[in-house]
Amino acid sequence: MAKRKMKKQSSKAGKTKVKRSGFWRRYALPGLLLFALPFLLYATTRTFGYVLDDVLVLSENNFVKKGLAGIGDIFTTDSFTGYLGEQRELVAGARYRPLSIATFAVEYAFYGLNPGNSHLINVLLYSLTGLLIFRLLAILIPGKKGQAWYERLPFWIALLFVLHPIHTEVVANIKGRDEILVLLLSLSTLYFSLRYAKQQSWFALLLSGGLFLLALLAKENAVTFLAVIPLSIYLFTKAELKTVAISVLPLLLSFGLYLGIRVNAVGYLYNPGLVVSGIMNDPYVETSVAEKYATITYTLGQYLKLLVFPHPLTHDYYPYQVPILSWGDWRVLVSLAANLVLLGWGIRSFRKQSIPAWSILFYFSTLSIVSNIVISVGAPMNERFVYVSSLGFCTLWAYLFLVRLPAWQSQLTWAKQAGLGILLVTALAYAGKTYERLPAWKDAMSLNRAAIKVSTNSARANSYMAYSLYQRGLQEQGAQQLATYQEALPYVNRALEIYPEYSDALTCKGGLLGGLYQQNRDLDQLLEGFYEILSARHVNFIDQYMVYLNGREDGQRLARFYHRAGYELMGKQQKQYALALQYLNYGLEVSPDNVTLLEDLAEVHALAGNTGQAQQMARRALQLNPQSERARAILQ
């Protein structure tokens, strides 16, 4: 009898063990569905190329092109150094995200530059993220006994997440791997922190610390999980505060180690004294404090809107697609009210309703660091910024219709079916929008054409559209090239209308004007366009092009341009004496005996404090024209 009893108990223990370790066996079908859907949706990305910042982190990154030998450089320098060749102070706090760049170096070592394979790896990592969300939330929200998998909250949260169209930028843009990795690794950290809290596994605690360090090396916003992880343990387990504190300890140690690595690589932690030039690196550099935070509040409302109704989507929210607003604007006030109501709900339900509390506080915690409230992130908003935070939204959305709706309408037998129906419609709509959005990411031209339909008020989107057309025109000839340049010109003019000092747009316009000149030989149109550009900002391209024109075009017309641009504009108006002298000397190359230019040079040299050169030019002018009053005035 005793042996039989022991055998029975042993059998029960074995069954329990199988049950505990058989999650994926029990949920093979939903697991397969969650894993396969991203591959089905994003299959076309296998044929896509490099776009946007892919050149910075991959295709034109010199450290990546060293393969495995470049990994040391990647981890010991700013993330822009491999592309720029040196560290430049472009944004406060620099950029240090070496892990994703290191994965690109490993890829390069195996098969060189192959965008299709890089896209495939992004999709694989995204699929794994969906599976991890399902597994992790099944621990946090186990559900009721006897529920089918399609009635369980973790499945619907993971499904909405992998289908959400706002993620297309992260998955379809190879550079988005840093976002994918940071969520995948941060959630893995949370998983093992929970394992420790529930089972007191010191090995799990050690793993959590290592994974968190990797998450931080993927992207800085992993730091928000220092709040998310203790919040999750507190809300979903019965762990004591001591256990919660111990679970955070390895994360703090990893964070300290990360800071040391980062400072060693970049040279500093944060540089608040860095003067950021131009609204493309800091959209609020020219606004008041009140306007800045009113506009930021508006963007927080836009994020909520895009999470609920992801249309229209664009990769470009640069100035001034997001308008600078004041606190009196109704859009700001509506956004403020919506976010305060949502945050209030999260705080109010903290003790009683763990799911809405967790989802809302997760959302705001992870969004905080990319919201421009804490630090400037270089852009008013971006869809990729809300990638991590969208998990909080998906959790709340699924909860509302799978749990809250049936609870509110418990007397109605169809409430549960209605909730499932709403979630199914949402999932299908998300999948359809994702499928519709994906072709935009095929190449630079398709992306810019898609963006310009939405981001009509973005100087950057208009400039990039013009530049894509300019690049295409370089491959064409004759009437086709002329038509392409003429198509591009309105876009670059629109960019400069929005932001007159935008250097990239000014350079692009200079190139377009040069291309048009090659076709129509209209020198007057070219020089007038160059003058308009120089009136806004000096552009090196024009210097180079003027050298090209010297000796090829009518010297007298060029001399008149040099007088107007060099003397009247740069010398008298802008007081850029070095540039004025440069352009006036260009003029002397084509018209050595031009008295007006000699007088101009004499006067500008005098204004610059170059007395000897001023007198020399004045004497040359008098030799050619003894009646020159300007020359006499300088010599007196």
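**View 1. Helix H11 meets helix H12 in this predicted model.** From H11 come Asp178, Leu181, Val182, Leu185, Ser186, Ser188, Thr189, Phe192, Ser193, Arg195 and Tyr196. They meet Trp202, Ala204, Leu205, Leu207, Ser208, Leu211, Phe212, Leu214, Ala215 and Ala218 in H12. Contact means heavy atoms within 4.5 Å. By class, the residues of this contact are 14 nonpolar, five polar and two charged. Ala, Val, Leu, Ile, Met, Phe, Trp, Tyr, Cys and Pro count as nonpolar; Asp, Glu, Lys and Arg count as charged; the others, Gly among them, count as polar. Residues are numbered from 1 along each chain as its sequence is written. Local features need pLDDT of at least 70, side-chain atom pairs count only at pLDDT 80 or more, and totals for chains, interfaces and linings use all residues, while side-chain values use heavy atoms, without hydrogens and water.

**View 2. The axes of H11 and H12.** H11 spans residues 177-199 and H12 spans residues 202-218. Helices are DSSP runs (H or I, at least four residues), numbered from the N terminus. The two pack at an angle of about 165 degrees, with axes 8 Å apart. H11 is therefore roughly antiparallel to H12. Axes are lines fitted to C-alpha atoms over the stretch in contact, and angles run from 0 to 180 degrees between N-to-C directions. Under 35 degrees counts as roughly parallel, over 145 as roughly antiparallel, 65 to 115 as roughly perpendicular and the rest as oblique. The crossing is left-handed.

**View 3. Helix H25 packs with helix H27.** H25 (residues 540-549) and H27 (residues 577-590) pack at about 15 degrees, with axes 11 Å apart. That makes H25 roughly parallel to H27. Ile542, Asp543, Met546 and Val547 of H25 make the contact with Gln582, Tyr583 and Tyr586 of H27. Five of these residues are nonpolar, one is polar and one is charged.

**View 4. The largest cavity.** Its volume is about 50 Å³. A cavity is a set of points on a 1 Å grid over the protein atoms alone, where a 1.4 Å probe fits but cannot get out; lining residues have an atom within 4 Å of a point. Val182 and Ser186 are among the lining residues, as are Phe225, Thr366 and Phe385. The lining has six nonpolar, five polar and no charged residues.

Definitions and conventions. Left-handed = near helix turned anticlockwise from the far one by under 90°. 1 Å grid on protein atoms, 1.4 Å probe; cavity = no way out; pocket = protein on both sides within 12 Å on 5 of 7 lines; lining within 4 Å. Points joined across faces, edges and corners; volume = space filled by probe spheres on them.
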